[in-house]
Amino acid sequence: MGDPVWSLSLLGRCELRAPSGAPATPATRKALALLAYLVRQPERRASRERLAALLWAEVDAPQAATNLRKALSLLRRESERHGAAGILERDGDYVRVVAGVLSVDLDAFERAAAEAEHDPDRAGDAVDLYHGDFLQDFAIRDASEFEIWMLRERQRLRNLASGLMATALERLLATGASAEAAAQAALRVIAFDPFEERAHRVLMRLHVRQGRPAAALAHYRDFASHIGRELGVAPEPETLQLFNEIRTGRRKTRPEPETEAAGPDETDAFVAPEAPSARRASWPVRTRALAAAVAAVAVLGVIGFAASARAPRVPAIESLTRVLSARSNFHRPALSPDGNFLVYSSHQLTPGNQDLYLLALRGGRPVRLTSDAGVDENAAWSPDGTSIAFARRSPAEGDLCRIYTYRMPDGPERLVGRCKAVADSRLAWAADGRALYFSDKPAPGRSSAIFRLELATGQVRAITQSPDGLWGDDEPAISRDGRKLAFLRRETWAASDVHVVDLSTGEDRQITHEGDRIWGLTWDRTGKGLLFSSNRTSDTGLWWAPLSGGEARRVSSGLLEFRSLSSSRDRDLLAFEVVRDQTYLVDKARPSVEPERIGATAPVSSQSSEWFPAAASDGALAYVSDRSGEEQLWLSSGGVQRPLTGFRRVTITEPRWSPDGARVVFVVARQGGGDVYVADRAGALLRLTSDAAEDASPVWSADGRHVYFASRRSGAWRIWRVRADVGGPAEAVTRDGPRAVRLDPQGRALFVMLDSRAGIWRIPVEDRLAKGPARMFEAALQPADWMNWDIVGGSLYFARRAPTGQQDRISRRDLASGRETAVADSAGLFQVASFAVRPSGGLILTRRETEMNVMTAELGRSR
């Protein structure tokens, strides 16, 4: 027998005992926390720097190092007080648990669990070693990162224990255990996990074998109602099959015998159920004790479920909590399944680099998860809350996204997939945690779709297929039962509808039909409806649409601009972006002159905005404004401002003056696609295109007789030309590929951006048609900046981004000499369309003032 050792209990109450068996009580709980963390690390060691940051993140590094030394000293004193060997030793810059001196109960449980994986008959032995949750009721102050680690570890071990309990129950039945033992095992599983269906099926069979099929059916209905209401899912197919067998009488029952007690030759074994076609063993006579136990399950409500299903009711916001606030960016908040943590993307804490951060909603500072030089975004939690997936893009990698998983909270990250043709991909986990759904394009120039990525093999297959000519599908969201995928189908970049596809049948149902701008999409907790943020009533609010059909209902009051959404699986909790922003126009006549606000277009309200400016040679300004409550094209000329359009529920973009300054061409996006219009200064409108595809990027020919534009009408982006005076049939100018166009001042070439590719390309033109291959002219322009460039007066103006992906400056490049000069700082500009160029070469900048908040909302049900 070896020397006596220390023992540490981590399952249930955290307790350290000396080799003598006496409890050891360090003066601070952080000393125990330090020990608990160390024994869970590889080789039972960690760096002093890591331990200090983990347990004393609220103080500066020198003070944290001092606190660590004190905690280590307290543990040494406990060893001395008990006359025992020391538990810890120094290993350079590391602290290590001395080999062989500390026994941990969790190690025995995990060894038994590993053995049960190879021998399921050992699952019961492992369950017997699970004395309680990891560090149950253990808490320390000002150590949010430790708390995050502790809760993640607790959930992982709890999931492991739940699976072992269910396996133990199955083995118990398969080996012919007594009915009493089977009932007790089932009840133990249900007490630990009320939604473990294998245990509920056992209790249903107990009812049947007792001659009480009606009780078994009632048990199923109660359970189905409860799991539908609480988790928004239906029972498993095996449970439904058992219900149908009982309901139709195919699962034979045996009447209760009239004898009051079993004879001495009767067995009392519960045999595992066989396939319906197999021969079943006869069921023994039940004792009164077992009958009473099973009746107690039904009468006292061990399950405790309501008996009837409810019709879907509209969610209602009960309380709001501001989690993050700054005049900066917090993007795409993602709630953990239990609703306790938030992951978001930001470059607020590390300027210039957009990384992922983890925040405990109960308090504490954000913890930085990633530090790559690229842009990390679109985090999504795994169903068990132990990992996240995210997308990363970087100009150095061609700006196409790569998909990673990250083990919470310390990593490592793992590259699992790559996008073919998009820079920004939304992600969602499959319900079983084995796959990811993501948005991508099957090839550059095609409409986007939702794909499934198998994490084990890397295999990718398409789930949706958007009709040719549309922007495509994105924002995947998986229902809680994993059977349905909700997504947005975008007709244009600013017009979307909600769809749901059944993953087993492939049936695609359209849920909304308005073609409004939608920013976020998530399931409600019941699984009977979808929450989304939309501007369908001008301002951007939170809406709910029932899955069964019918009108969408507004959930928010209209005071907050809801954007990206995320919901908790286990709670009626929603996280979302709240954006208070305003865009306005400023004049920058020369690079050396400070920009000045254009007073003629100053908004009449702090809630209204102006953007997409276009300047004529006489100084007249066309721009888009929502000051009237709807987006309209406005004209500012001679000190007078007036609207040129009167559309309802549309998005207006990209106005451009004709060479003679008499007309403006622009794009109107609505349900059904985006079309090109022309307006004169009196407001007379002419619709040039009216196809069902997306048209964009209109520019005038040098003589003003034609308008060139990009369109998906052929199924992929290409450049087309239409007469500017009558519209009518359009003529294809290029092959597939170009998605934005500008014209060479002499008419000898087209300058284009190719779909999903960086750079500006030059295509020679002969007799008004493209001739010859596209050649790179300027490599710096990124795909996200397809509106942020122009050619005016023999110069190319474009937005240049920093290596981090953030906009850096607006540059001018002389077409003849190739010489480039910086003409404006692009910080603080509206990044979708940052600037316009006056005929004189001066700039009109679109400033954006933003306050970004991340908030949570507790949801109830109103009606």
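This is a predicted model: local features need pLDDT of at least 70, side-chain atom pairs count only at pLDDT 80 or more; totals for chains, interfaces and linings use all residues.

Reader: How many aromatic pairs does a search of the whole structure find?

Author: The search finds 13 aromatic pairs. One of them joins Phe647 and Tyr677, with 5.4 Å centre to centre and 75° between the planes, an edge-to-face arrangement. Phe647 lies in the loop between strand 35 (640-643) and strand 36 (651-657), while Tyr677 belongs to strand 38 (residues 673-680). The two residues are 30 residues apart, and the pair thus links distant parts of the chain.

Reader: Are Phe647 and Tyr677 buried or exposed?

Author: Both Phe647 and Tyr677 are buried. For Tyr677, the relative accessible area is 6%.

Reader: Why is the pair of Phe666 and Tyr677 stacked?

Author: The planes of Phe666 and Tyr677 stand at 20°, with the ring centres 6.0 Å apart; planes under 30 degrees apart count as stacked, so the pair is assigned to that class. Phe666 sits in strand 37 (residues 663-670) and Tyr677 in strand 38, eleven residues apart. Phe666 is buried, with a relative accessible area of 0%.

Reader: Which residues do ring pairs link into a cluster?

Author: The cluster consists of Tyr37, Phe134, Phe138, Phe146 and Trp149.

Reader: Where does the charged end of Arg392 sit?

Author: The charged end of Arg392 sits over the ring of Tyr404, 4.6 Å from its centre. Likewise, Arg713 places its charged end over the ring of Trp720, at 5.5 Å from the ring centre.

Note on methods
Residues are numbered from 1 along each chain as its sequence is written. Side-chain values use heavy atoms; hydrogens and water are left out. Rings of Phe, Tyr and Trp (its six-membered ring) pair if their centres lie within 6.5 Å; planes under 30 degrees apart count as stacked, over 60 as edge-to-face and the rest as tilted. Helices (H or I, at least four residues) and strands (E, at least two) are DSSP runs, numbered from the N terminus. Buried means under 20% relative accessible area, exposed over 50%, partly exposed in between (1.4 Å probe, protein chains only). A charge sits over a ring if NZ of Lys or CZ of Arg is within 6 Å of the ring centre and within 35 degrees of the ring normal.
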